[in-house]
Amino acid sequence: MNLDPFYEELETVLKESLTLLPVGGNVLDICCGKGWLTRLLFNYVRANIIGIDKDEVNIDDCRVKAGKFPIIS
């Protein structure tokens, strides 16, 4: 759950579309930012995800928020 109404609405729409992705599929998340979409995809379809972002602060924040998710540096 996000505090930002935009992300709450986006999450609702995306969850409806996630049935189109195969479980365990592969995703390349370019400009992944802090990993919001990355975590959503991992949680709902157990996708194998590669996240790319040029901002090291975003990448570090994503690592912190990833918690139990597997991260390869």
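Accessible areas were computed with the Shrake-Rupley method and a 1.4 Å probe, and for residues only the protein chains shown count as cover. On this basis the chain exposes about 5,500 Å², of which carbon and sulfur atoms supply 60%. The structure is a predicted model, in which local features need pLDDT of at least 70 and side-chain atom pairs count only at pLDDT 80 or more, whereas totals for chains, interfaces and linings use all residues. Residues are numbered from 1 along each chain as its sequence is written, and side-chain values use heavy atoms, with hydrogens and water left out.

Three helices and two strands are found in the chain, where helices (H or I, at least four residues) and strands (E, at least two) are DSSP runs numbered from the N terminus. Along the sequence these elements follow the pattern α-β-α-β-α. The radius of gyration, taken over C-alpha atoms, is compared with a globule rule of 2.2 Å times the number of residues to the power 0.38. For 73 residues a compact globule would have a value near 11 Å, and the 12 Å of the chain agrees with this. Along the principal axes, the C-alpha atoms fill a box of roughly 30 × 30 × 20 Å. Of contacts (heavy atoms within 4.5 Å) between residues at least 6 apart in sequence, 39% join residues at least 24 apart.

Charge placement was also examined, with Lys and Arg counted as positive and Asp and Glu as negative, while His and the chain ends are not counted. With the place of a charge taken as NZ of Lys, CZ of Arg, CG of Asp or CD of Glu, the mean positions of the 8 positive and 11 negative charges lie 6 Å apart.

Burial was classified by relative accessible area, buried meaning under 20%, exposed over 50%, and partly exposed in between (1.4 Å probe, protein chains only). By this criterion 30% of the 73 residues count as buried. A nonpolar core is a set of buried Ala, Val, Leu, Ile, Met, Phe, Trp, Tyr and Cys residues joined through side-chain atoms within 4.5 Å; the largest such core has five residues, namely Leu18, Val27, Leu41, Val45 and Ala47.

Helix α2 is largely enclosed by the rest of the structure, because seven of its 10 residues are buried. These are Trp36, Thr38, Arg39, Leu40, Leu41, Phe42 and Val45, and their cover includes α1 (5-17), β1, β2 and α3 (56-66). Within α2, Thr38 counts as buried at 16% relative accessibility; neighbours within four places in sequence aside, Thr38 is in contact with Asp29, Cys32 and Ile49. The C-alpha atoms of Thr38 and Asp4, which are 34 residues apart along the chain, are separated by 17 Å.

Ile49, in strand β2, is partly exposed with a relative accessible area of 22%. With residues up to four places away in sequence not counted, Ile49 touches Val27, Asp29, Thr38, Leu41 and Phe42. Between Ile49 and Lys34, 15 residues apart in sequence, the C-alpha to C-alpha distance is 14 Å. In helix α1, Tyr7 is partly exposed at 33% relative accessibility, and its C-alpha atom is separated by 9.0 Å from that of Trp36, 29 residues away along the chain.

Most residues other than glycine have a negative phi. Cys31, in the loop between β1 (26-30) and α2 (36-45), has a positive phi near 60 degrees and is exposed, with a relative accessible area of 63%.

The loop between β2 and α3 contains Lys54, which counts as exposed at 83% relative accessibility. Lys54 and Thr38 are 16 residues apart in sequence and 16 Å apart in space, C-alpha to C-alpha.
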